[in-house]
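Dear colleague,

Please find below the structure that I am handing over to you. I would be grateful if you kept it open while reading the notes that follow.

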Amino acid sequence: MLLAVAVFSLMDAGLKELAGRYPPLQVATLRGASSLPFVLAWVAATSGLRPLLRVRWPLHLLRGAIGIGMMAAFAYALRTLPLTTAYSIFFIAPLLITALSVPLLGEKVGPRRWAAIAIGLLGVLVLLRPTGDGLLSWAALAVVVAALGYAVSAITVRVLGRTDSTASMMVWLLVFMAIGGGVLAAPGWVSIRPVDLWVIAGVGLAGALGQYAITEAFRIGEASRIAPLEYTALVWGVLLDVALWGVLPDAVTWLGAAIIVASGLYLLRRERIRAEDGAA
């Protein structure tokens, strides 16, 4: 999991570089297209390509559309927001997954978990600082949209996981991002500069490695134990912001991030307690 978070952070740094020079939909397309060859090679060498065709197409199409919108929104936000700030806001995704599991999956969420969700959303308000010269902007709201898209996509993964393989979910998401995103980005396509080809290749490799690492982490590890390690992305965000762009988060950003992370960790703890009680 630590490796997955590290390489995904490097991928996001590459996306931030590309987002400053290319439209958001084009960045989403490049993200899908650059990782697809690596993932296809891995799938072909392990399970083969034939199982990829026996899938639930409607849900894959829905997940592909969500993936395009999510990545475009995140790329739009990275144009102006530091990685640390974008990560801090994006950390509401686990809270949204828990909230959406009630209407979409019929799961039950107790009052303590609802309280944690509410406190996490309060942390987002602290980050956005809507009453002052804060982060309330289209870029910040775009991260909220991306987090919501990620949460809905995660719900679809829970449903797809009952019948479809992890490989099919990885491959078709990238295919739809590459093709669907490319069609949407075509009218405003900007010619790719040769100097950016290495950045695109790095994004593709990091994205593929990160996807493999996180898949293996959840395959061999207990989700409630390894999921908190995702919050180490905040450390990578700070290091990359300082090293590449000379930016440090302010005190209010740290406060908002702390509230959101604490709420997420509490939710994970409650999930673990519920799982242990169910197994007892």
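Please bear in mind that this is a predicted model.

Two or more lining residues come from each of helix H1 (2-19), helix H9 (197-220) and helix H11 (233-245). By type, the lining holds 10 nonpolar residues, 2 polar ones and 1 charged one. The space within the second largest pocket comes to about 230 Å³.

Helix H2 (residues 24-46) and helix H8 (residues 166-185) have axes 8 Å apart and meet at an angle of about 145°. The crossing of H2 over H8 is left-handed. Where these two helices touch, the residues are 17 nonpolar, 6 polar and 1 charged.

Ser 35 belongs to helix H2. Is Ser 35 buried or exposed? Its relative accessibility is 0%, and because buried means under 20%, Ser 35 counts as buried. Apart from neighbours within four places in sequence, Ser 35 touches Leu 174, Val 203, Gly 204, Gly 207 and Ala 208.

Met 170, in turn, is found in helix H8. With a relative accessible area of 7%, Met 170 is also buried. Which residues does Met 170 contact, leaving aside its neighbours within four places in sequence? They are Val 39, Trp 42, Gln 211 and Thr 215. As a further point of reference, Pro 103 stands 67 residues from Met 170 along the chain, and their C-alpha atoms are separated by 25 Å.

Finally, please look at helix H4 (residues 83-90). Why is H4 described as largely enclosed by the rest of the structure? The reason is that 8 of the 8 residues of H4 are buried. The buried residues of H4 are Leu 83, Thr 84, Thr 85, Ala 86, Tyr 87, Ser 88, Ile 89 and Phe 90.

With kind regards

Methods
Residues numbered from 1 in each chain as written. Predicted model: local features only at pLDDT ≥ 70, side-chain atom pairs only at ≥ 80, totals over all residues. Heavy atoms only, no water. 1 Å grid on protein atoms, 1.4 Å probe; cavity = no way out; pocket = protein on both sides within 12 Å on 5 of 7 lines; lining within 4 Å. Points joined across faces, edges and corners; volume = space filled by probe spheres on them. Helix = DSSP H or I, 4+ residues; strand = E, 2+ residues; numbered from the N terminus. Nonpolar A, V, L, I, M, F, W, Y, C, P; charged D, E, K, R; others polar. Axes fitted to C-alpha atoms, helices over the stretch in contact; angles between N-to-C directions. Left-handed = near helix turned anticlockwise from the far one by under 90°. Buried < 20%, exposed > 50% of the residue type's maximum accessible area, 1.4 Å probe, protein only. Contact = heavy atoms within 4.5 Å.
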